[in-house]
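Please examine the sequence and the three-dimensional structure shown below.

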Amino acid sequence: MLKEMFRVGIARHKSANAVGSRQESSHHLSPADRGRVQILLATLILVTAPVVTAHDFWLEPSTYRAEVGDRIGVDLKVGEHFQGDSVARMNHHIRRFLAQRGDEQRPLGGIIGIAPAGMLRIESRGLQVVTYESNPTRIELDPLIFEAYLEEEGLERVLRIRASRGESGLPGVESFSRCAKTLIQVGGDGEAIAGGFDREIGMPLEIIPEANPFDVVLGDELSVRVLFEAEPVEGLLVIALSAEDSSIRRAARTDERGRVAFVIDRKGSWLIKAVHMERAPEERSWDWESWWASLTFAT
């Protein structure tokens with residue numbers, strides 16, 4: 001069901017692009033304006049239906065290894081299997097978009113309607129932790145689609161609650177937020193990048209590596225902690241994906257300390273992701289609240 005919804009989304013995306021092309025011809029848009037129209041149309045599809053199509057969301061810097069003085073673009077990416085499309089910057093979606101080194105935090109600037117959504121100038125050596133947290137988005141899903149999505153993301157607990165309340169046949173009314181993080185190494189190996197990888201940034205749902213991913217030896221495990229509201233989450237499904245090998249999809253559940261570990265045996269970039277869902281307070285206009293966390297890095 002979710003795969004079919006994804007195909008429908010792609011078809012709509014192509015149709016929107018065709019409409020955009022006709023509009024461009026009639027109004028004689030410049031090449032720059034045509035590019036902006038394409039990005040905005042793609043963004044409309046991607047930001048309004050990320051849950052429906054089971055799309056993941058992550059941060060993708062133009063490089064994971066930088067030097068002082070470099071200017072780095074940080075893309076917001078939506079897709080599946082660690083392959084996706086860039087989402088243009090929309091300020092009303094952004095709750096935080098920051099780069100942190102040590103105790104120093106800097107907001108990432110960018111241009112509305114343009115990708116990459118964030119730009120970062122590297123001013124000092126050390127590990128840069130870039131975080132993006134979105135404002136909540138309300139969505140209502142067909143019962144079958146909602147239940148299939150819950151099963152795919154390992155949220156069987158929510159399925160059981162819905163069944164116990166007689167809600168399995170009702171639409172899924174949800175508010176979801178994105179909690180994405182990426183790591184950028186600046187200035188080589190050793191002490192210059194030693195600190196910061198395990199810092200708690202304070203997003204509602206956060207994936208925190210327990211070792212510096214840039215120091216992981218291929219074939220070794222990387223353990224991470226998953227925190228919700230600064231507390232460990234037990235039993236959460238966490239998935240690791242390799243950009244270099246789409247066949248790799250490693251999944252495990254967190255233990256009582258919120259920990260899980262994955263073997264890192266491919267060079268290149270990695271995505272670790274998880275989804276947590278809670279029943280919404282009664283006064284809300286939705287039934288469920290979810291948080292989608294991701295961590296990206298390179299080996």
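Predicted model: local features only at pLDDT ≥ 70, side-chain atom pairs only at ≥ 80, totals over all residues.

Residues are numbered from 1 along each chain as its sequence is written, and side-chain values use heavy atoms, with hydrogens and water left out.

The protein contains four helices and 18 strands; these are DSSP runs numbered from the N terminus, helices being H or I with at least four residues and strands being E with at least two. Of its 299 residues, 51% count as buried, that is, under 20% relative accessible area with a 1.4 Å probe, protein chains only.

Helix α3 covers residues 143–152, and its buried residues include P143, I145, F146, E147, Y149 and L150. An α-helix has 3.6 residues a turn, so residues three or four places apart point the same way. Just after α3, G154 has a positive phi of about 75 degrees.

T254 belongs to the loop between β15 (249–253) and β16 (259–264). Is T254 buried or exposed? T254 is buried, because its relative accessible area is 5%. A polar atom of its side chain lies 2.6 Å from the backbone oxygen of V233, and a polar atom of the T254 side chain lies 2.9 Å from the backbone nitrogen of L236.

Note on methods. Buried < 20%, exposed > 50% of the residue type's maximum accessible area, 1.4 Å probe, protein only. Polar contact = N/O pair within 3.5 Å; in protein donor to acceptor, adjacent residues only side chain to side chain.
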